[in-house]
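Try each one yourself, then read through the solution.

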Amino acid sequence: VQLQASGGGLVQAGGSLRLSCAVSGSITGIKVMRWYRQAPGKEREWVAAILTSGMVNYADSVKGRFTISRDRARKTVYLGMNSLQPEDTAVYYCNIDTVYKEWWGQGTQVTVSS
């Protein structure tokens, strides 16, 4: 199983990006799919989560601006990001937690210029 994150890039403040995380291989027992981010010199922090039920949760810092979603048929989880700010600059990682183990993607860089 591999998680391939993509969609990062350089954007001006106020702009938007949509990250994707595609799952290759067979993965079962999914409990939750998440996005994390890690800014330079800071610890990795949780950003958003979507449960198998479809319920979503967001960190306070992104609530109202970011949207997590999934496409089960394409085995992909997305993170739509609007009204981006320089403090959103980080490497973004997707994460899938199953009843068996936890999987991580390789990260995609998001840079927001002021």
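**Exercise 1.** Does valine 32 count as buried or exposed, and why?

*Solution.* Keep in mind that you're looking at a predicted model. Start by finding the residue: valine 32 sits in strand S4, which covers residues 30-38. Next, take its relative accessibility, which is 6%. The cut-off for buried is under 20%, so valine 32 counts as buried. Now look at what surrounds this residue. Skipping residues up to four places away in sequence, valine 32 touches Ala49, Ile50, Leu51, Asn95, Ile96 and Asp97.

**Exercise 2.** Work out which residues threonine 98 is in contact with, leaving aside its neighbours within four places in sequence.

*Solution.* First place the residue: threonine 98 lies in strand S9. Then list the contacts, which are Ile27, Thr28, Gly29, Ile30, Lys31 and Trp103. Finally, check the accessibility: threonine 98 has a relative accessible area of 4%, so this residue is buried. For a sense of distance, pick asparagine 57, which is 41 residues away from threonine 98 along the chain; their C-alpha atoms are 18 Å apart.

**Exercise 3.** Find the order of the strands in the four-stranded open sheet, and say which strands stand at the edges.

*Solution.* Go across the sheet and you get S1-S3-S8-S7, with antiparallel pairing. Strand S1 (2-6) and strand S7 (66-71) are at the edges: each has a single partner strand, so one side of each has no neighbour in the sheet. From one strand to the next, the twist averages 15°. Now zoom in on one pair. Strand S3 (residues 17-24) and strand S8 (residues 76-81) run antiparallel and are joined by six bridges. Within this pairing, serine 20 stands opposite tyrosine 78 in S8.

**Exercise 4.** Give the volume of the largest pocket and name the residues that line it.

*Solution.* The volume comes to about 170 Å³.

**Exercise 5.** Locate lysine 75 and serine 83, and look at the phi value of each.

*Solution.* Begin with the general rule: most residues other than glycine have a negative phi. Lysine 75 has a phi near 50°, a positive value in a residue other than glycine. You'll find lysine 75 in the loop between S7 and S8, and at 36% relative accessibility this residue counts as partly exposed. Serine 83 also has a positive phi, near 50°. Its place is the loop between S8 and S9. With a relative accessibility of 38%, serine 83 counts as partly exposed.

Conventions:
Residues numbered from 1 in each chain as written. Predicted model: local features only at pLDDT ≥ 70, side-chain atom pairs only at ≥ 80, totals over all residues. Heavy atoms only, no water. Helix = DSSP H or I, 4+ residues; strand = E, 2+ residues; numbered from the N terminus. Buried < 20%, exposed > 50% of the residue type's maximum accessible area, 1.4 Å probe, protein only. Contact = heavy atoms within 4.5 Å. Pairing = 2+ DSSP bridges. Axes fitted to C-alpha atoms, helices over the stretch in contact; angles between N-to-C directions. 1 Å grid on protein atoms, 1.4 Å probe; cavity = no way out; pocket = protein on both sides within 12 Å on 5 of 7 lines; lining within 4 Å. Points joined across faces, edges and corners; volume = space filled by probe spheres on them.
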